[in-house]
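Please look through the model below slowly, from the whole chain down to single side chains. The paragraphs after it follow that order.

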Amino acid sequence: MSSITDSNIKEAWKKKREERRRQQDQEDAKLQASVSCIYTPFLSAAKRRRLEQDEFLKGRNSIAIDVNPEYDEKNNNNESREGGKKESNTKEDNNNNDDKQENTYESHQQPTLSLLDQATDLKKKISEHDQQLLAQKEEESRILREASQVQINALQAASEVASGKVYDTPMPSTWSAPRYVLAQGEEEWNKVRQQWHMEVEGTNVPPPLKRFVDMKFPSPLLESLKTKNIARPTPIQIQGLPVALAGRDMVGIAFTGSGKTLTFSLPLVMICLEEELRLPIRGGEGPLGFILAPSRELARQTHDVVRGFCQAISEAPKYPRLYT
């Protein structure tokens, strides 16, 4: 009896362990599904266009039209019949030939489906929710195409576009990246961009800088950043600040709250400071910088940020006063 009870106990423990493992696997699957639904990685417009083109090309290469699925089965049957011709008599051969002719005639009589017909059949099978998602995706691709076309001429006036004028020289600037960063080379710069998921397009793009000190900001601005608990730049600032400080034109795209305001505010303050040190600005002169905002709230927010940096420089000793 003891052996029987021990085996029963072992089997009961095994069942409990299997149930626990099954419950744990179900919980892990639910957690993974919820996380995958919540997390949506950011894709830029250029990367999304490339992915859509790749998917389109893969779809074209993988298209296979099945005109008549029964045709292959009938051909296989006919081949098996042809293999037995040598052992059958002449009457059976004639019957097999007649059967093959009838089969091929019936297969060719069936109508073929074109690509348009197949597409319409697939659309009928798709549910309403999938149709809405497909329509939304097509609308997004259309908006991206229009946005890419707008960005090409966004920094040019109508007269410049009509005359075909092209600017190949940046604005004059005394700023330059540190020597040790320039000595690293393009390969190290691309590693930094890949690490922070940056996509950069253009020629002779300035190197990304991961510290505010390397951007050569004065001590009052660095202290002001510390008081605001800004210890290091964000990805848009790592690449955007060197581009703006070098006097290059730029179109920056990033999430809300990623630090875009700081990316164009600090170079603007540096331009004003440099001009004030060269020759003090008198009443009636200026402005040295101009910012356009789509709403009053955003304009007020930008004004407060720029005013705070200007006050930090104006209150520091041996620095001129900057007006906003």
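What follows is a walk from the overall fold to a few residues and their neighbours.

This is a predicted model, in which local features need pLDDT of at least 70 and side-chain atom pairs count only at pLDDT 80 or more, while totals for chains, interfaces and linings use all residues. Residues are numbered from 1 along each chain as its sequence is written, and side-chain values use heavy atoms, with hydrogens and water left out.

The chain has 13 helices and zero strands, where helices (H or I, at least four residues) and strands (E, at least two) are DSSP runs numbered from the N terminus. Of the 324 residues in the chain, 22% are buried; buried means under 20% relative accessible area, exposed means over 50%, and partly exposed lies in between, with a 1.4 Å probe and protein chains only. Among the contacts (heavy atoms within 4.5 Å) with a separation of 6 or more, 65% join residues 24 or more positions apart.

Turn now to helix α12, which covers residues 260-278. Its 19 residues reach 28 Å from the first C-alpha to the last, close to the 27 Å expected at 1.5 Å a residue, the expected span being 1.5 Å times one less than the number of residues. The buried residues of α12 include L262, L266, C272 and L273, and the buried residues of this helix pack against α10 (219-227), α11 (235-245) and α13.

Helix α13 covers residues 296-315, and its 20 residues reach 28 Å, close to the 28 Å expected at 1.5 Å a residue. At the start of α13, a side-chain oxygen of S295 comes to within 3.3 Å of the backbone nitrogen of L298, which is a polar contact, that is, a pair of N or O atoms within 3.5 Å; within protein, one must be able to donate a hydrogen and the other to accept it, and residues adjacent in sequence count only if both atoms are side-chain atoms. Among the buried residues of α13 are F309, C310, A312 and S314, and what covers the buried residues of this helix includes α10 and α12.

Which residues does A312 touch, not counting residues up to four places away in sequence? A312 touches P220 and S224, and the C-alpha atoms of A312 and L222, which are 90 residues apart along the chain, are separated by 9.7 Å. S314 is buried, with a relative accessible area of 18%, and its side chain reaches the backbone nitrogen of L322 at 2.9 Å.

The structure holds one aromatic pair, and because the rings of F212 and F217 have their centres 6.4 Å apart and their planes at 50 degrees, the pair is tilted; rings of Phe, Tyr and Trp (its six-membered ring) pair if their centres lie within 6.5 Å, with planes under 30 degrees apart counted as stacked, over 60 as edge-to-face and the rest as tilted. F212 is buried at 5% relative accessible area, and F217 is buried at 6%.
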